[in-house]
Structures are given as structure tokens and as C-alpha cells.
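I opened this notebook to keep track of what I looked up. The entries follow in the order I made them.

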Amino acid sequence: MEFQVRMVYEPEDIAALVKALDYRRQPDKNLRRATKIGYPVFGVLLIGTGLSVLAAMVTGGLFSIATLLITIASLLGGVALLRRADTRGMARRSWKKYPNKGLTLTYTFYKDHFEETDEVSGENRFQYVSITSVNEDENHFFLFTATNAGHMLRKDAFIQGDPAAFGKFIRIQAAVTVDPIE
């Protein structure tokens, strides 16, 4: 055994995962910034457009199915953009839906594979070649596999091995780069 990590996920960990997934979707810093600004702006504009069309329909007494559908689409689209821009809200909602609160996860890393063990699903074994990318922030490593599964390791939860050495180990074993999350 090279490394072992034992942890129980906390809300901060899920928030870090949401940030990591957001980073993976848009690794370019300028694009992430434009999205952070653009989503709320266009969300408010869509809601404003929908409300003004609705007000015009009510005050003008003009009603048409097409106009009503456009109004509903504008309102729903605006709300969707505002919710998408709210990463803190997304982290809260993700934590609320997370089914394994309080569940202890253990990751054990060997020379040729790693294992994830918990009380619910038992032991799952993974080959390093299944890891397609690795991200790292100040407190976590995020291992993403070909099946789109993510494994999150908190750096303060290493019970065997050093997190600094783990970055080098996983880079070599999985033949991937460890990309920092900015």
C-alpha cells in the first residue's frame, strides 16, 4: 500500500467539487469570468423581457398562445441562467441532495490499482488507466475516470503517505497531468 485516505465528506468538500466541475467545463479563466458575469446579466434581461411582455399582454388585453409561450420561456430561461450562475447555491443544493452524508470513505492506493471502500457499496477496484484527468485545489485532489466518475480526496485525510508525494505518484501511475484549479 502506497497511500491511504479516510474521510467523511462535508459541505465544503461538495462545494469544492462543484468548483472543480465548473473549472473542468471551462478551464479558460477569461471564459469562466465572462460566464460569471454574463449568466446573471442575461438572466435578469430575460426575466425583465418576460415580465414586460406579460404586463403588455395584461394591460393591452392582447392574448395569444405564442406570446404566452415566449413569455414563459423567457421567464424560465432567466431563472435557469440565474441559478446556473449561483455556484454557492449549487453547492448547497448538491449537499442537500448528497445521499451519503456521514458515510466514511476509504481510498487505498497500490502500485497497480486503487480501491474505494464504504459501508454501503463495499469495495470497488479501479485501474489507474481508467483515470482520464486529475485536478487539484488547495485542499483536495479530484480524480476523474473514463466513466465520468469522480473521486475526491481531501488532503488532510491522508492516513498513510504525504499529499505532496501523492500528486507525483498519481501523475506517474495514471499517466496524466495534475492540473491546478485556479
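Entry one. I looked up Y107, which touches F3, Q4, V5, M7, Y9, F114, E115, E116, H151, M152 and L153, leaving out residues up to four places away in sequence. Contact here means heavy atoms within 4.5 Å.

Entry two, on the source. I noted that this is a predicted model, where local features need pLDDT of at least 70, side-chain atom pairs count only at pLDDT 80 or more, and totals for chains, interfaces and linings use all residues. Residues are numbered from 1 along each chain as its sequence is written, and side-chain values use heavy atoms, with hydrogens and water left out.

I looked up Q4, one of the contacts of Y107. Q4 lies in strand β1 (strands are DSSP runs of E, at least two residues, and helices are runs of H or I, at least four, numbered from the N terminus). Q4 has 13% relative accessibility and so counts as buried (under 20% relative accessible area, with a 1.4 Å probe and protein chains only). Beyond four places in sequence, Q4 is in contact with T106, Y107, T108, A157, F158, I159 and Q160.

I looked up the largest nonpolar core, which has 33 residues (buried Ala, Val, Leu, Ile, Met, Phe, Trp, Tyr and Cys joined through side-chain atoms within 4.5 Å). Y107, F109, L153, F166 and I170 touch the most other members. Elements giving two or more residues to this core include β1 (3–8), β2 (104–109) and α5 (163–174).

I looked up where α1 meets α4: P11, I14, A15, V18 and D22 in α1 meet T87, M90, A91, S94 and W95 in α4.

Key:
Buried < 20%, exposed > 50% of the residue type's maximum accessible area, 1.4 Å probe, protein only.
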